[in-house]
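Dear colleague,

Please find below the structure that I am handing over to you. My notes on it follow directly after.

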Amino acid sequence: MSQNQIRKPPMGWLSWNMYAENIHEDLIRAMADAMVESGMKDCGYEYIIIDDCWSVREGRDEQGHLVPDPKKFPSGMKALADYVHSKGLKLGIYSDACRVTCAGWPGSYGYEEVDARTFAEWGIDFLKQDYWLDVPEGETAQGLYTRMGEALRNCGREIVYAVCEWGSNEPWKWAHSTGAAMWRTTWDIRDTWDSGIYDVQHNGFVNAVDVNAPLADFAGNGGYNDMDMICAGLYGKGSPANGGGACGCTDTEYQSQMTLWCIMNSPLLTCCDLANMNEATKRILMNCEVLAVNQDGCTVQGRRMYAENGFEVFVKPLENGDYAAAVLNRNAEAGRFHLDLTQFGLPAAAEVRDLWAHEAVEHNRYGLDLQVESHETRLLRIRPQEKPCCVHGD
């Protein structure tokens, strides 16, 4: 698929963090139904993505094709794709660049052309390509992903390519050249605010922010730094998301995650049970003003411009000359923060709107004072009366 066709970060739903291997076609159909009925589709969500453990674990058929598990997907993937497409949505699937997947199912190594053609024949629209660490001798991550990227370009169908290499081999430096539209910069996200340490089992929301924030220069032009799934609505219920002792977050923390993912232009792939969302989760996932920051035509990742005393400021330019600014409070207590617009190259003569409160924010030529709760991230849209200068940050 042409890289230029991915103009905005993909939005959708991914099965892993909530359901792991406990997936089946009725569940996938139910998530597609819920995405439409809840109003998520109208907000821009469009991908329903099946993660690991969907195929027969024992291997491939005599022609080398992956075979959907007949107990989980008795109707087959083509019928499931047809159903998802009938809802005006797109179907995604999972594979691995190595011999086996992270959970031990067959990977795509040596079968890239076969798998790409199979996915195309089924009507697949999105491929998440993982990277289990049984790398064959003489191979590299970049080489393996390039091979699948070429296979997808030759498969006869437009399939969005997502590199899930976890950041170990710095995919932000090379993944776009493989044809990928997005590449993971972090380990798997966990359902926790701050894991304290950062490794394969520990990655909270702010830990992912710290890894991703310095990588803004590598995103844009149809390719996006991927910080992994949006955890709103999990509340500690997803087994994979609870790795490393994670046990759920507050709605304020989930709202902060959404804000930070939006301003840093990460793909927005939710993972909770869409058919049973509470009102708080719906509010977080379907705030169209917030989502517009992520889906803006100026596909520049927001930059961290300030980080002192537990407060951080991120600024992102928007297509029409507006700016988005996020103010994060990482402290355990609420606090007040003075946002001096001119400090970040923004004129004081501007309209300021709070995108979570849906209301204008009063300010003067010295800036504005914000009350920011513990672990809250305020998100503002700033409409200057004069075009501001460019912004720079880490």
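Is Arg-378 buried or exposed? Arg-378 is buried, since its relative accessible area is 15%; buried here means under 20% relative accessible area, exposed means over 50%, and partly exposed lies in between, with a 1.4 Å probe and protein chains only.

Before I continue, two remarks on the source. This is a predicted model, in which local features need pLDDT of at least 70 and side-chain atom pairs count only at pLDDT 80 or more, while totals for chains, interfaces and linings use all residues. Residues are numbered from 1 along each chain as its sequence is written, and side-chain values use heavy atoms, with hydrogens and water left out.

Arg-378 belongs to strand β16, which spans residues 377-384. Helices (H or I, at least four residues) and strands (E, at least two) are DSSP runs, numbered from the N terminus. The side chains of Arg-378 and Asp-354 form a polar contact at 2.9 Å. By polar contact I mean a pair of N or O atoms within 3.5 Å; within protein, one must be able to donate a hydrogen and the other to accept it, and residues adjacent in sequence count only if both atoms are side-chain atoms. Not counting residues up to four places away in sequence, Arg-378 touches Ala-325, Ala-326, Val-327, Asp-354, Leu-370, Gln-371 and Val-372, where contact means heavy atoms within 4.5 Å.

In helix α4 (residues 77-86), the residues Met-77, Leu-80, Ala-81 and Val-84 are buried. These residues lie on the same side of α4, because they cover an arc of only 100° around the axis; the arc is that of the directions from the helix axis to the C-beta atoms. The buried residues of α4 pack against α2 (25-37), β2 (47-49), β3 (90-96) and α5 (112-122). Gly-88 follows α4 and has a positive phi, near 80°.

Helix α5 is mostly covered, with eight of its eleven residues buried. Among them are Glu-112, Asp-115, Phe-119 and Trp-122. The cover over the buried residues of α5 includes α4, β3, β4 (126-130) and α6 (141-153). Just after α5, Gly-123 adopts a positive phi of about 95°.

Helices α7 and α8

The axes of α7 (residues 205-212) and α8 (residues 251-263) come within 10 Å and cross at roughly 15°. Axes are lines fitted to C-alpha atoms, for helices over the stretch in contact, and angles run from 0 to 180 degrees between N-to-C directions. The two helices α7 and α8 are therefore roughly parallel to each other, a term for angles under 35 degrees. On the α7 side, the contact is made by Phe-205, Ala-208 and Val-209, and on the α8 side by Glu-253, Tyr-254, Gln-257, Leu-260 and Trp-261.

Most residues other than glycine have a negative phi. Cys-53, although not a glycine, has a positive phi of about 80°. Cys-53 sits in the loop between β2 and α4 and is buried, with a relative accessible area of 1%. Asn-265 is likewise not a glycine, and its phi is positive, near 60°. Asn-265 is placed in the loop between α8 and β8 (268-270) and counts as buried at 2% relative accessibility.

With kind regards

Note on methods
Angles under 35 degrees count as roughly parallel, over 145 as roughly antiparallel, 65 to 115 as roughly perpendicular and the rest as oblique.
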